[in-house]
2 protein chains.
Amino acid sequence: MSAPLPFGEWMACVQERVEKALARHLPPAEAIPARLHQAMRYSCLNGGKRMRPLLAFAAGEICAASGDRLEIAACALEMIHAYSLVHDDLPCMDNDVLRRGRPTCHVEFDEATALLAGDALQTQAFLLLAGESLGDPAAQLEMLRCLARASGSLGMAGGQAIDLGAVGRALELPELELMHALKTGALIGAAVTLGALCGERLSGEAHQALERFSRRAGLLFQVVDDILDCTASTATLGKTAGKDSAADKPTCVGLMGLERAREFAGQLREQAIESLALLGGRARRLAELTDFIAHRPF
Amino acid sequence: MSAPLPFGEWMACVQERVEKALARHLPPAEAIPARLHQAMRYSCLNGGKRMRPLLAFAAGEICAASGDRLEIAACALEMIHAYSLVHDDLPCMDNDVLRRGRPTCHVEFDEATALLAGDALQTQAFLLLAGESLGDPAAQLEMLRCLARASGSLGMAGGQAIDLGAVGRALELPELELMHALKTGALIGAAVTLGALCGERLSGEAHQALERFSRRAGLLFQVVDDILDCTASTATLGKTAGKDSAADKPTCVGLMGLERAREFAGQLREQAIESLALLGGRARRLAELTDFIAHRPF
């Protein structure tokens with residue numbers, strides 16, 4: 001058995017694979033209605049970090065998941081993520097003009113097209129995950145339920161709604177954690193679970209360990225996001241920096257200050273990696289990803 | 001065997017059953033985030049015509065489908081339909097203030113909540129249809145694909161996008177038919193197919209007959225909508241009358257005039273009913289529904 005790829009190469013490899021798969025699994029840019037399909041592709045095929053696909057592939061290593069199934073799961077996750085960004089950026093939400101270093105979808109196209117592109121990206125995610133030849137139909141249904149639960153009103157969309165209601169209000173840490181757990185954590189968790197569902201069934205214990213890991217990694221991801229929002233530049237982030245605090249949105253940094261937020265991130269990183277102990281060497285990529293999330297520059 | 005219910009009673013019965021099922025299958029109004037859940041329920045539980053559920057139940061009669069499965073399919077269809085109405089009514093789309101005789105979702109709540117409520121209703125539809133205990137998982141996946149295809153960029157959302165691009169442009173009949181086929185016809189067709197998938201598998205011939213029926217009934221529905229938009233009052237419709245022609249949107253009436261649009265509707269009604277011939281008495285409800293669609297006052 002050859003030595004595993006260095007982390008950076010593994011990551012680049014997964015990112016490239018997902019980029020190509022997304023290009024294949026989105027309707028072609030010239031299919032009617034072309035403007036809608038262009039907007040969908042514009043919003044998905046723009047070299048994001050692909051954090052959710054990376055988590056799915058990393059979790060897949062724990063249970064010898066097939067690359068083809070991971071690819072489908074990764075694309076579905078990324079389509080849901082892209083739809084949420086397109087809608088979040090709309091004028092009635094965050095009204096943002098910059099995303100991943102480019103004009104947001106409604107700026108590049110128009111509001112109505114961005115609304116429909118987000119809608120259709122969500123649908124495309126479920127269409128893809130319900131596709132034929134993914135293997136065991138019962139497991140496939142489980143994946144669909146997992147993705148839908150994580151994205152709906154008791155997951156990501158619900159977190160967005162709490163966020164809306166929280167602007168200008170002082171939140172306590174537990175409330176802020178709930179918001180983050182839904183808004184970002186739910187889909188991060190779904191990425192790990194979906195990756196694991198692509199392979200051999202895990203023991204109950206291993207499954208619980210992964211769930212603990214997901215909760216911690218999801219919160220870590222958001223805390224680091226909060227820190228970067230107030231420390232990194234717009235150019236580095238590829239999106240408008242400082243906008244959460246400017247919009248008087250509740251953030252970890254606002255609540256506990258930068259230093260304590262950094263400490264909190266450090267603790268979450270440790271706890272996330274601890275929860276992988278039971279899984280041994282198979283969880284190596286997940287541990288590496290956790291470090292990457294904790295120290296990412298953008 | 002008792003005599004079948006008169007059509008009006010059958011329809012009321014299905015409508016009531018679907019209303020109750022929707023109330024059960026939507027998250028409770030008090031679940032966090034409550035405002036989002038209230039907006040979802042507001043947009044779904046408001047006594048629409050339930051045309052897609054009626055079509056699903058009517059198609060289910062052809063293949064002895066179970067009521068419980070039809071109920072799930074009907075709710076999923078209605079959630080997708082409700083999401084599309086909420087998003088269509090937004091200021092960046094039709095900017096409408098009245099729907100089913102009440103303020104539209106973004107007027108009653110706010111734009112951001114309406115956007116998220118539409119998003120979450122779409123997710124809820126797929127979550128419901130991917131639910132446990134619906135029977136054969138392979139058939140369930142087929143239903144999911146059918147619903148996703150009909151709602152996505154090559155279905156309903158695509159029709160909306162064509163509609164957007166057509167404002168102020170003269171369309172020829174084939175183009176207008178394509179727009180209607182996607183915008184309304186795709187989900188109408190999915191309602192019939194989903195209903196049929198809830199029962200015993202149909203022969204290829206019967207399946208094709210149903211597909212022909214769906215195409216014609218879907219177009220009929222939209223042509224009658226166009227006619228009503230310019231002949232009925234806002235009070236009767238429960239939504240703003242005359243808005244399509246006011247917005248310079250392409251409609252059948254605009255293209256061919258009221259009289260020829262009425263003749264066209266009459267032809268489509270006949271053709272739709274003709275395509276049911278092969279299915280015999282089991283298609284009775286579908287034929288009755290076609291008459292109802294052709295002559296509906298709103």
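A residue is called buried if 20 or more other C-beta atoms lie within 10 Å of its own, exposed if 12 or fewer, and partly exposed in between, with the C-beta atoms placed from the backbone. What you have open is a predicted model, in which local features need pLDDT of at least 70 and side-chain atom pairs count only at pLDDT 80 or more, while totals for chains, interfaces and linings use all residues. Residues are numbered from 1 along each chain as its sequence is written, and chains are lettered from A and ligands numbered from 1 in the order in which they are written.

Stay with Leu147(A) and display what surrounds it: leaving out residues up to four places away in sequence, Leu147(A) touches Ala76(A), Ile80(A), Ala125(A), Leu129(A), Ala190(A) and Leu194(A). Two residues are in contact, in this sense, if their C-beta atoms, placed from the backbone, lie within 7 Å.

**Two helices of chain A**

Next, select residues 51-60 and residues 173-197 of chain A, which are helix α3 and helix α9; they pack at an angle of about 35°, with their axes 7 Å apart. Helices (H or I, at least four residues) and strands (E, at least two) are DSSP runs, numbered from the N terminus. The axes are lines fitted to C-alpha atoms, for helices over the stretch in contact, and the angles run from 0 to 180 degrees between N-to-C directions. The crossing of α3(A) with α9(A) is right-handed, a term used if the near helix is turned clockwise from the far one by less than a right angle. On the α3(A) side the residues that meet α9(A) include Leu55(A) and Phe57(A), and among those they meet in α9(A) are Leu187(A), Ile188(A) and Leu194(A). By class, this contact has 11 nonpolar, two polar and one charged residues, where Ala, Val, Leu, Ile, Met, Phe, Trp, Tyr, Cys and Pro count as nonpolar, Asp, Glu, Lys and Arg as charged, and the others, Gly among them, as polar.

**Where the chains meet**

Now show both chains together and select the contact between them, to which chain A gives 42 residues and chain B gives 42 residues. On the side of chain A that touches chain B, α2 (34-44), α6 (111-129), α7 (137-151) and α8 (156-166) each supply at least two residues, and α6(A) gives the most, with 12 residues. That side of chain A has 24 nonpolar, 13 polar and five charged residues.

How are the two chains related? A rotation of 180° with 0.0 Å of shift along its axis superposes chain A on chain B, with an RMSD of 0.0 Å, and that is the relation of a two-fold axis. The superposition is by least squares on the C-alpha atoms of residues with pLDDT of at least 70 in both copies. Select Pro137(A) to find the C-alpha of chain A nearest the axis, 2.8 Å from it. The copies meet through the same surface, because 100% of the interface residues of chain A are also interface residues in chain B.

**Buried residues in two helices**

In chain B, go to Ala114(B), which is found in helix α6 and counts as buried, with 24 C-beta neighbours inside 10 Å. Apart from neighbours within four places in sequence, Ala114(B) is in contact with Ala39(B), Val86(B), Leu90(B), Cys105(B), His106(B) and Phe109(B). In chain A, Tyr83(A) lies in helix α4 and is likewise buried, with 26 C-beta neighbours inside 10 Å.

**Stops in the loops**

Asn95(A), in the loop between α4 (67-88) and β1 (98-99) of chain A, has a positive phi of about 50° although it is not a glycine. In chain B, select Arg100(B), which lies in the loop between β1 (98-99) and β2 (102-103) and, though not a glycine, has a positive phi of about 50°. Arg100(B) is partly exposed, with 15 other C-beta atoms within 10 Å.
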